[in-house]
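The points are grouped by topic.

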Amino acid sequence: MRRICGIFIFSTLWFILPPYLSFCRSVENAFPAQAISSDESTERFDHYDRGLDIDAVSDGFEYPRSTHPVKYGHRQTPTTNNNISEKPIMAQATKSTTESSQSEDSEEDLTDPFDDKDDKDLPPLKTIADPLEPVNRAFFYFNDKLYFWLFKPVARGYGYIFPQSVRICVRNFFDNLGFPIRFVNCMLQGKFEGAGFETQRFLINSITSFGFKDVATDNLGIKEYDEDFGQTLGFYGLGPGLYIDWPIVGPSSVTDTIGIIGDIYTQPLNYVIEFKYNIGIRAYDIVNSTSLTIGEYEDLKRAALDPYVAMRDAYYQFRQNKIRE
Amino acid sequence: MMPKVLSQIIAVFFLIFTITTPARADGPMGRVKEATDKIIAILSDPALKTPDKVQEKRRRIRQVVDELFDWEEFSRRTLAKHWKKRTEEEKREFVPLFGKLVERTYMDKVEDYSGEKVLYVGERIQEKYGLVKAKVVTNDRREIDVDYRLKHKGRDWYVYDVTVVGVSLVKSYRVQFNEIIMQSSYEELVKRLKDKLAAEE
């Protein structure tokens with residue numbers, strides 16, 4: 001019965017995906033570049049950047065207004081009016097900055113050669129769309145309290161009883177159980193080398209220590225290929241969609257939520273173990289891993305001016321980086 | 001006779017050579033490595049481990065960090081488009097404020113150091129920009145990717161961004177600062193920065 005359910009959900013996923021893809025696009029169009037869009041200055045900067053472009057490729061020919069390949073090729077937004085209003089501000093700014101620092105202070109200079117091509121460091125900055133912010137903030141607050149009032153004290157107490165070495169073994173054990181998810185998603189992304197290494201790791205770790213010790217990585221240097229279904233979707237060009245801060249589960253996106261559901265169905269243990277026991281095991285896994293990472297969330301909160309935004313952006317950057325890997 | 005002159009020339013040559021070449025290790029990686037080694041030395045100095053030496057320890061780490069990090073470049077990249085709208089005084093006020101916040105974040109991460117190892121994976125140089133890839137191996141054998149991004153300015157390389165597990169410090173603050181400026185004002189951002197620094201000093 002369960003298996004049939006799984007197959008059913010998987011097949012519906014494939015039906016949902018194409019409309020979801022177009023939904024993502026429309027969402028990204030509706031909420032471009034996050035909060036910045038609310039200000040006209042974005043437009044101004046956008047225009048300025050394109051202005052640089054035009055200078056770079058101008059080839060001396062006088063193009064008729066409407067046929068200039070660069071100037072009027074793709075967008076028609078720039079207006080002369082905009083240009084005029086921009087000039088005094090720009091002049092003033094460059095004047096003042098050249099006084100303070102001798103470095104060339106152009107917007108172009110903010111680029112970062114080590115960023116990805118599509119992720120230029122220029123404003124408007126790429127980040128995740130968040131139209132559900134009020135709801136997410138409420139859940140963020142809930143999760144925050146949940147962590148400080150429940151998970152942290154429990155994990156602390158647990159950490160006092162069991163030494164770190166034991167907790168690491170437990171973490172390794174759960175990590176080893178995640179093999180099917182990593183393997184399947186390596187295969188789905190065509191990372192056959194990764195799938196091979198994952199299989200080796202699983203076999204070596206399971207045989208030598210039932211997965212309690214990560215012999216393959218520690219002693220043989222076989223790296224983990226941490227792939228999940230959310231990353232697979234990202235790998236094939238599906239954007240994160242909207243940001244969702246789920247209660248208990250924490251930061252996620254629409255795509256990653258689909259990914260988590262997919263991962264549940266690629267984990268064979270979920271078909272074997274009864275649901276109520278599974279919840280208990282998951283809770284134990286969370287407590288165990290929390291006991292090893294106490295202090296990380298506190299550091300993030302301490303460093304941030306707006307912890308919610310910091311968390312959201314960290315999540316986005318972290319996932320984008322994972323997909324890129 | 002001749003050998004004496006020759007040895008003198010060589011001696012003078014060496015003298016000049018040692019004066020003109022900076023004592024620092026060259027290249028972005030050398031720069032990061034040198035500073036990191038210094039900080040690790042401070043952190044593992046048994047004389048500084050007592051609680052009453054905390055301030056002294058912090059002061060010395062701060063000194064090394066200040067030498068390595070270019071706070072103005074940090075601020076410029078973080079404020080991005082808002083940087084240009086700031087006046088001279090505002091900039092002069094903002095740079096040390098933000099520098100302090102980043103420094104404190106760094107200090108929080110570094111202070112409970114307990115023998116973690118830092119591996120230097122590689123460096124890439126592209127004109128005046130440099131990227132240093134490092135890995136911090138924690139005691140429970142997790143590897144944390146840390147990338148330093150440096151820019152050549154004047155005679156040396158200075159860090160302008162640090163990326164930890166793919167999360168860039170500058171970008172993270174840029175999103176936050178932008179949101180605050182857009183929703184209220186730059187003054188509000190400075191106020192919140194000050195509050196943040198004052199609250200937990």
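A nonpolar patch lies on the surface of chain A in this predicted model. The patch is formed by A:Phe142, A:Trp246, A:Ile248, A:Val249, A:Ile260 and A:Ile264. Together these residues have about 550 Å² of accessible area.

**Surface patch, chain A**
- A:Trp246, one of the patch residues, belongs to strand 1 (residues 243–246) of chain A.
- A:Trp246 counts as partly exposed because its relative accessibility is 33%, and partly exposed covers the range between under 20% (buried) and over 50% (exposed).

**Helix 13, chain A**
- Helix 13 of chain A spans residues 296–303, and A:Tyr297, A:Glu298 and A:Ala303 are buried in it.
- The cover over the buried residues of helix 13 includes elements of both chains.
- From chain A, the cover includes helix 4 (133–161) and helix 14 (307–324).
- From chain B, helix 5 (88–111) and helix 6 (169–183) are among the covering elements.

**Sheet, chain B**
- Chain B has an open sheet of 5 strands in the order 1-2-3-4-5, with antiparallel pairing.
- Strand 1 and strand 5 (167–168) of chain B are the edge strands, and each pairs on one side only.
- Strands of a sheet pair through backbone hydrogen bonds, either parallel or antiparallel.
- Strand 1 (residues 117–126) of chain B runs antiparallel to strand 2 (residues 129–137) of chain B, and 9 bridges join them.
- Across this pair, B:Ile125 stands opposite B:Gly130 of strand 2.
- Strand 2 of chain B is also joined by 9 bridges to strand 3 (residues 143–153) of chain B, again antiparallel.
- B:Leu131 has B:Arg149 in strand 3 of chain B as its bridge partner.
- Strand 4 (residues 156–164) of chain B and strand 5 of chain B run antiparallel and are joined by 2 bridges.
- B:Thr163 has its bridge partner, B:Ser168, in strand 5 of chain B.

**Hairpin turns, chain B**
- The hairpin of strand 1 and strand 2 of chain B has 2 residues between the strands, and B:Glu127 in the turn has a positive phi of about 55 degrees.
- The hairpin of strand 2 and strand 3 of chain B has 5 residues between the strands, and B:Arg141 takes a positive phi near 65 degrees.

**Confidence**
- The predictor gives the complex an ipTM of 0.79 and a pTM of 0.71.
- Chain B has a mean pLDDT of 83, with 87% of its residues at 70 or more.
- Residues 20–24 of chain B have pLDDT below 50, and this stretch has 5 contacts in the model beyond near neighbours in sequence.
- Where pLDDT is low, the predicted coordinates should not be read in detail.

Terms used. Residues are numbered from 1 along each chain as its sequence is written. Chains are lettered from A and ligands numbered from 1 in the order in which they are written. This is a predicted model: local features need pLDDT of at least 70, side-chain atom pairs count only at pLDDT 80 or more; totals for chains, interfaces and linings use all residues. Side-chain values use heavy atoms; hydrogens and water are left out. Patches are made of residues with over 30% relative accessible area and no salt bridge: like charges are joined within 9 Å, nonpolar side chains (Val, Leu, Ile, Met, Phe, Trp, Tyr) within 5 Å. Accessible areas come from the Shrake-Rupley method with a 1.4 Å probe; for residues, only the protein chains shown count as cover. A salt bridge is a side-chain nitrogen of Lys or Arg within 4 Å of a carboxyl oxygen of Asp or Glu. Helices (H or I, at least four residues) and strands (E, at least two) are DSSP runs, numbered from the N terminus. Buried means under 20% relative accessible area, exposed over 50%, partly exposed in between (1.4 Å probe, protein chains only). Contact means heavy atoms within 4.5 Å. pLDDT is the predictor's confidence in each residue, from 0 to 100. Two strands pair if DSSP finds at least two bridges between them.
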